[in-house]
Amino acid sequence: MLVVSAGALAPNAGAALPLRIAELPGVEALPQAPPLAPPQPPLVESPRLRGTIFGKERVAVGIAADGTPRTVTVLQRLLVRSLGDFSFFVPAPVVSVVAGPGSESQPGLRPNQIVWQGFAPRRKTLAALAELRPADSVPALPVRVRVSGAPERPGPFEIGITLENATRTKAVGFAADAVRADVAKALDALRAAARINRPIEGRAVRIRGESKRVTMEVWARLAVRGSIGFPAGAVRGVTASRFSRGLGGEMLRVTVRGVALRAAAPTLRLVVQPVVRGAIPPESAHTLEAAVLGYLRYARTRQFESFLANPDPRGPSVTTYVYETAAAERGNPSTERGASDDSGLPTALVVGGLALLGVGLVVLWAHL
């Protein structure tokens, strides 16, 4: 937190405490990753870029039967809105990289870098499909998964799927007697930035007297959709084979029950998306505490919207994480199918579950 003396701003220095300017905390108060930032080789040439880059990523995580990540592959699509030559790189613990579908250029590879060079005729799509080193990328994933209870013999079974929000961290904020009008403007700036997924314009508030350092629990709110399948004819009567939940700072456990006709290795698939609106305090929140925590949560959420860095620091990015049981853990993929027809939840219920997420966000802020 940056605090600057501003006694001259006090309307009556003899009768009132002097006003000071305090900067609301942001990404600088949080762990550095994501985006991933492995050690970089010496700079060959300065990056060249005019205009804006919009980023979109899909992070595919291959998991073992118990939920342990084994592989991490990223498809990063960059829409360059620029006219002229460009040259830049994306830091990444990359093992190999090829052009992704629809790419209008070929990516290059240097140690810990995906390299792009070329000419942009006002609009150009760059797509890279990169295999990453798990040791350097798994720690930055947003969810930790644990799976237990796969049926090993005929009879009733109960599979437990535990999801832990790995974005959770501690950060230092502050408490103080802040000017109400400044707090209101700070909250308005936060909401405006969230609407367009951009950095917040203006982070300063005036405070009276001293401030106090406060340690806060910070996380990115996540939307999770999941499904679990079994080999054809291996199970019956499965419950909760599909689920849709919001994941905040709490642990989430999903239980799948059924009857196994033989030993069966389940296939788990999770789609995880950061929820920017989960960082925004409700309209009824107007305190400095809500602003400080909101700024930190917004910054944390934006970190996970860029698993790989957007070369344009101010450019918007969105990222979807897909966890799926790796092929080696499934047995014969040609026999895989969803659970029996009577076990799946109707699609409408899954979509409805996502709608309930918005309601849960207000409850989240009730536990500040």
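Start with the open sheet of 3 strands, ordered 5-8-7 and paired antiparallel. (Strands here are DSSP runs of E, at least two residues long, numbered from the N terminus, and two of them pair if DSSP finds at least two bridges between them.) Select strand 5 (83-91) and strand 7 (108-110): these are the edges, each with a single partner strand, so one side of each has no neighbour in the sheet. From one strand to the next, the twist averages 25°, with axes taken as lines fitted to C-alpha atoms and angles running from 0 to 180 degrees between N-to-C directions.

Before going on, a word on what you have open: this is a predicted model, where local features need pLDDT of at least 70 and side-chain atom pairs count only at pLDDT 80 or more, while totals for chains, interfaces and linings use all residues. Residues are numbered from 1 along each chain as its sequence is written, and side-chain values use heavy atoms, leaving out hydrogens and water.

Next, select Ile114. Skipping its neighbours within four places in sequence, Ile114 is in contact (heavy atoms within 4.5 Å) with residues including Phe88, Phe89, Val90 and Leu308. Ile114 also belongs to the largest nonpolar core, which has 54 residues; Ile114, Leu132, Ile161, Leu163, Phe307 and Tyr323 have the most contacts inside it. (Such a core is a set of buried Ala, Val, Leu, Ile, Met, Phe, Trp, Tyr and Cys residues joined through side-chain atoms within 4.5 Å; buried means under 20% relative accessible area, with a 1.4 Å probe and protein chains only.) Apart from this core lies another, of 29 residues, among them Leu30, Leu190, Ala193 and Met216.

Move on to a second open sheet, with 4 strands in the order 10-11-17-15 and antiparallel pairing. At its edges stand strand 10 (143-148) and strand 15 (235-236), each with a single partner strand, so one side of each is left without a neighbour in the sheet. Strand 10 pairs with strand 11 (residues 155-165) over 6 bridges, in the antiparallel sense. Click Val147 and you'll find Ile161 of strand 11 opposite.

Last stop: Thr319, in strand 19 (residues 317-325). Thr319 is buried, at 2% relative accessible area. A polar atom of its side chain lies 2.7 Å from the backbone oxygen of Glu305. Beyond neighbours within four places in sequence, Thr319 also touches other residues, including Glu57, Val59, Pro274 and Phe307.

How values were computed: Buried means under 20% relative accessible area, exposed over 50%, partly exposed in between (1.4 Å probe, protein chains only). A polar contact is a pair of N or O atoms within 3.5 Å; within protein, one must be able to donate a hydrogen and the other to accept it, and residues adjacent in sequence count only if both atoms are side-chain atoms.
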